[in-house]
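Q: Could you walk me through some local features of this model, giving the general idea before the case at hand?

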Amino acid sequence: MNRRLRSLCLAAATLATTITAITAGAGTAAAVAPTCKPVANIFTMQADGDLWNYQHSGPATGSFSWAGAKQVGWGWGGKTFAGPNGWLFNITTGGELRRLRYNGSGWDTFPGGGQYETFGWGWQKFTETANRSKITVDADGSFYTLEGDQLRWWHYEQDARRWAPGSGRVLDVGWSRFDVIAASGSGGLQARDSSGTLHRFRYHRDTERFVAYDLNPSTKWAGQTKFFSAGGDVYYAVRSDTGQLLWNRYDEYFEFGDWQTSGGTVIGSDWGTDVDITATTNDCVAHGLKAPAPVGGWSSSVSPPAIVTPASGGTHLVDVNNDKEVVDTYSTGSSWTTRVVGGRYGGVSSPVFDDDAGTAVVGVTEYETGDAKLLTLRNGQWEAPLSLKGRLASTPAVVRRSDGTIAVYGTGQYNDSARRGTGLVREQLPSGEFVAWRPFGDVHTNYVGTPSVISRGDETTIVVAIERSKEWFRHTPRTTPVRKGTLNSDATQVTLTGDGQDGILAVGLHFVNEKWQVGLLREKADRSGFENTWELVGGPIPGTVDSNLAGAQVLPNGSVAVTVLGDNRRPLVTTSTAAGGREFHAWKRIVPDGYPHTFYNPPSLGLTRSGDVAIAAKSDDNFHHLWRASVSGDPATPLQFTGGKIG
């Protein structure tokens, strides 16, 4: 029996009375214990190059119980860490990334007769003292690396003997505050900051979405050295001052999760001299973890046509037809034609433009899967969709920020509660790469529908619907959106637009005195929030209102135009009488008397490249209609629209 195992056995009786009790975190329900194999296989690489396998027979409960230990290797160096199913990985000081597999009694042999295979080069930084704890592998065999400010994801397909597509991509930024990461289960990560506090993250690989993000439990277990997991959120660490091996378990059974003990449970001693300590990452499995809920088919009942006018030329009306296909109705110069861009989708976002590149981008969500995609129009042709996944329950909203990067916002549900939706954001880095979806908002709140967004410089303002109200957020690049408050609103949907003076307006429909009216809620002059009182503009909407969505657009003269579907299913428009003004013209019917069409979706507003304002709508017979009006330099001059059915 080796010295460490002997010391474990002798210490078991004397330390049994001092082991920290296993207790649930304060104010939480009892947690469900993980399912573990009979032993957790722990591997240690010692300073003399010996590799040992220790078998902990109490991984589910943290009991001081060991099944044995044996030496399984000699001459090891560099950096050693484990993955699932007996896989061990070694990085040599020269930077080779090697894989080996311990089958319980010996080492597997690879084709050619060797006991290891090199599958990567240039990894030597992880053998350096400052970086040894910045690489980890989860139960799926995914690698996570902490590289400066970035968290990266890698996956090596063991059977196919190749790196999976997307390996090396950046999952998140802002990680320079962490010096240790340890994976557990599928995508579960604990990251240690400079104070020793552990922060919980969990990445859902199939949807490319963080399900848990930067949770900081009430029970603070400060991670020690040699921090690692056997899976199932069972973690081990070594106390650097005493050499004791500690066990602890994290429970993500409620919104915030917590550690079982505040200081860890002592399960061994004399562990302080090892160079590396690691464990097979799927010897335990956690249960009941929340995941993105299946979508199962959905569609947006109020999706107006997007008016797309890229700098490269042309006018395009892009929306979803009755077969849930994205279609583009565009001008050929002398006439209009319609083409199918792709399907099946639930709705189309407002466009964003890159004038330098001459492109326009719209966001869509797949009807069956909830995968968000970006469709790019370049030189009159639609490029292949860029999939952002996400499993959204809404059409995404898209903005382009002052640095040229794109941010995409949506909402999604969790499988543990059909009444608990979260806000989601996925944003582009200056390199062009998109980080993973981050959740945002209060964990107890049910966020639904497509967010309304507007970008001003590098800051985006977001309004998301919750039950009976709206919450609003501010977001700056490469951060999590920050909740700022609740809009005083009974409007079912809110649209954000500019006020013509670098401020923001929230626009929504209100039912007042048995009549529908459009209300505006202005941003305060100091930009600290929104005013409390809605201004009703344009007077009561004539006729029956057939949609709860109002479109809004700042015009080149600084006035604000608002359009609704009223007057017995016909588009109406009103504009402010001065730049940034609070007075509005009376509602104006866009179509003449006797117009032979009615409409079932709300109209949309946009601007042409010549500065005209355009209104688009789809009639009940599934044809597009487009009207244009020149914008006078004097906002007091009412708009005069011409146009009609196209295509």
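Q: With which side chain does the side chain of Arg200 make a polar contact at 2.9 Å?
A: A polar contact is a pair of N or O atoms within 3.5 Å, where within protein one must be able to donate a hydrogen and the other to accept it, and residues adjacent in sequence count only if both atoms are side-chain atoms. Here the side chain of Arg200 meets that of Glu252 at 2.9 Å, and it also makes a polar contact with the side chain of Asp233 at 2.8 Å. This is a predicted model, in which local features need pLDDT of at least 70 and side-chain atom pairs count only at pLDDT 80 or more, while totals for chains, interfaces and linings use all residues. Residues are numbered from 1 along each chain as its sequence is written, and side-chain values use heavy atoms, with hydrogens and water left out.

Q: Is Arg200 buried or exposed?
A: Buried means under 20% relative accessible area, exposed over 50%, and partly exposed in between (1.4 Å probe, protein chains only). Arg200 counts as buried because its relative accessibility is 0%. Arg200 lies in strand β16 (residues 198-204), strands being DSSP runs of E with at least two residues, numbered from the N terminus. Leaving aside residues up to four places away in sequence, Arg200 touches residues including Tyr213, Tyr235 and Tyr250, where contact means heavy atoms within 4.5 Å.

Q: Where is Lys389 found, and what is its phi?
A: Lys389, although not a glycine, has a positive phi of about 50 degrees, and Lys389 is found in strand β34 (residues 386-389). Lys389 counts as partly exposed because its relative accessibility is 27%. Another positive phi in a residue other than glycine, near 60 degrees, belongs to Lys324, which is found in the loop between β26 (316-320) and β27 (325-331).

Q: Which residues does the cis peptide bond with omega of about 10 degrees join?
A: That cis peptide bond joins Gly343 and Arg344, and Arg344 has its place in the loop between β28 (336-343) and β29 (345-348).

Q: What is the volume of the second largest pocket?
A: On a 1 Å grid over the protein atoms alone, a pocket is an open set of points with protein on both sides within 12 Å along at least five of seven lines, and lining residues have an atom within 4 Å of a point. The second largest pocket has a volume of about 480 Å³, a volume being the space filled by probe spheres set on the points, which are joined across faces, edges and corners. Of the 30 residues that line it, the closest to its centre are Lys79, Arg132, Ser133, Lys226 and Phe227.

How values were computed: Helix = DSSP H or I, 4+ residues; strand = E, 2+ residues; numbered from the N terminus. 1 Å grid on protein atoms, 1.4 Å probe; cavity = no way out; pocket = protein on both sides within 12 Å on 5 of 7 lines; lining within 4 Å.
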